[in-house]
Amino acid sequence: MTSSPAPGEGTKRNKGGRPTAEQASDLDRRIRESALELFLKHGYEGTSMNGIAAAARTTKPSLYARFPTKEAVFRSVMGWVVQRTDWPFPEPPEPPLDDLEGALTEIATTALRRALDPSMVRLEQVAIAHASSYPEIARRTYGRGAWPRTKLVADLLRHHAGNGDIVADDPEMLAELFLGMATSAPARLASFGIVRDPAEVDKRTRAAVKLFLHGLGAT
């Protein structure tokens with residue numbers, strides 16, 4: 001007696017019984033999304049391969065064929081999620097470059113909204129808890145210097161330096177410093193359960209922007 005395919009895996013397959021590329025891609029996405037949800041809810045130790053397979057609506061053999069161990073799932077999921085621009089919510093459109101103060105404020109506000117989102121706070125807590133075992137994951141999760149937002153700030157600084165509005169000899173370094181000043185401290189406090197009220201967050205964000213502009217010699 002043959003067994004039926006796991007729910008959600010479908011029945012259309014290529015010759016030889018292999019899943020189509022679309023099915024394989026869909027399964028990979030389901031596994032990562034399901035594993036992420038479980039890691040955030042239960043932590044690394046509280047998540048099992050059986051639980052991941054069940055949540056992803058697949059079979060254990062299908063899961064193990066892609067990820068031989070829970071560690072492999074964890075590494076893949078954590079590396080994948082920190083590069084997403086649609087999680088925990090979609091990134092907004094880039095602000096206009098002409099208004100330097102307005103653009104920096106908008107970028108910092110968006111960065112803080114992401115950093116203080118409960119799902120992102122929990123992600124950092126999980127990454128930090130396992131930093132000794134997976135230092136590269138902790139670096140990528142907590143220190144998001146390679147994210148597109150850093151390039152956005154660097155491009156903004158380069159644009160205004162070209163106009164003579166500011167002095168920005170190393171836009172990439174300055175972009176990292178700005179985002180660190182605007183987001184790192186609040187994110188670190190949030191990982192310990194300390195979140196300021198929105199009015200105070202906004203006040204500090206605007207103060208950080210003005211301090212940064214003063215350092216650039218903004219005209």
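The legends below describe close-up views of a predicted model.

Residues are numbered from 1 along each chain as its sequence is written, and side-chain values use heavy atoms, with hydrogens and water left out. Because this is a predicted model, local features need pLDDT of at least 70 and side-chain atom pairs count only at pLDDT 80 or more, while totals for chains, interfaces and linings use all residues.

**View 1. The chain and its helices.** The chain has 10 helices and zero strands, where helices (H or I, at least four residues) and strands (E, at least two) are DSSP runs numbered from the N terminus. Of the 219 residues in the chain, 40% are buried, a term that means under 20% relative accessible area, with exposed meaning over 50% and partly exposed in between (1.4 Å probe, protein chains only). Among contacts (heavy atoms within 4.5 Å) between residues at least 6 apart in sequence, 69% join residues at least 24 apart.

**View 2. The packing of α5 against α8.** These two helices pack at an angle of about 170 degrees, with their axes 11 Å apart; axes are lines fitted to C-alpha atoms, for helices over the stretch in contact, and angles run from 0 to 180 degrees between N-to-C directions. α5 and α8 are therefore roughly antiparallel to each other, the word used for angles over 145 degrees. On the α5 side the contact includes Leu100, Ile107 and Arg114, and on the α8 side it includes Arg149, Leu156 and His160. By class, this contact of α5 with α8 has nine nonpolar, two polar and two charged residues, where Ala, Val, Leu, Ile, Met, Phe, Trp, Tyr, Cys and Pro count as nonpolar, Asp, Glu, Lys and Arg as charged, and the others, Gly among them, as polar.

**View 3. The largest pocket.** The largest pocket has a volume of about 340 Å³; on a 1 Å grid over the protein atoms alone, a pocket is an open set of points where a 1.4 Å probe fits, with protein on both sides within 12 Å along at least five of seven lines, and lining residues have an atom within 4 Å of a point. Of the 19 lining residues, the closest to the centre of the pocket are Glu91, Glu94, Pro148, Arg149 and Leu152. The largest share of the lining, five residues, comes from α8, and by class the lining has eight nonpolar, three polar and eight charged residues.

**View 4. The surroundings of His159.** His159 lies in helix α8 and is partly exposed, with a relative accessible area of 27%. Leaving aside neighbours within four places in sequence, His159 is in contact with Leu97 and Asp98. His159 and Leu100 are 59 residues apart in sequence and 9.3 Å apart in space, C-alpha to C-alpha.

Methods:
Points joined across faces, edges and corners; volume = space filled by probe spheres on them. Parallel < 35°, antiparallel > 145°, perpendicular 65-115°, else oblique.
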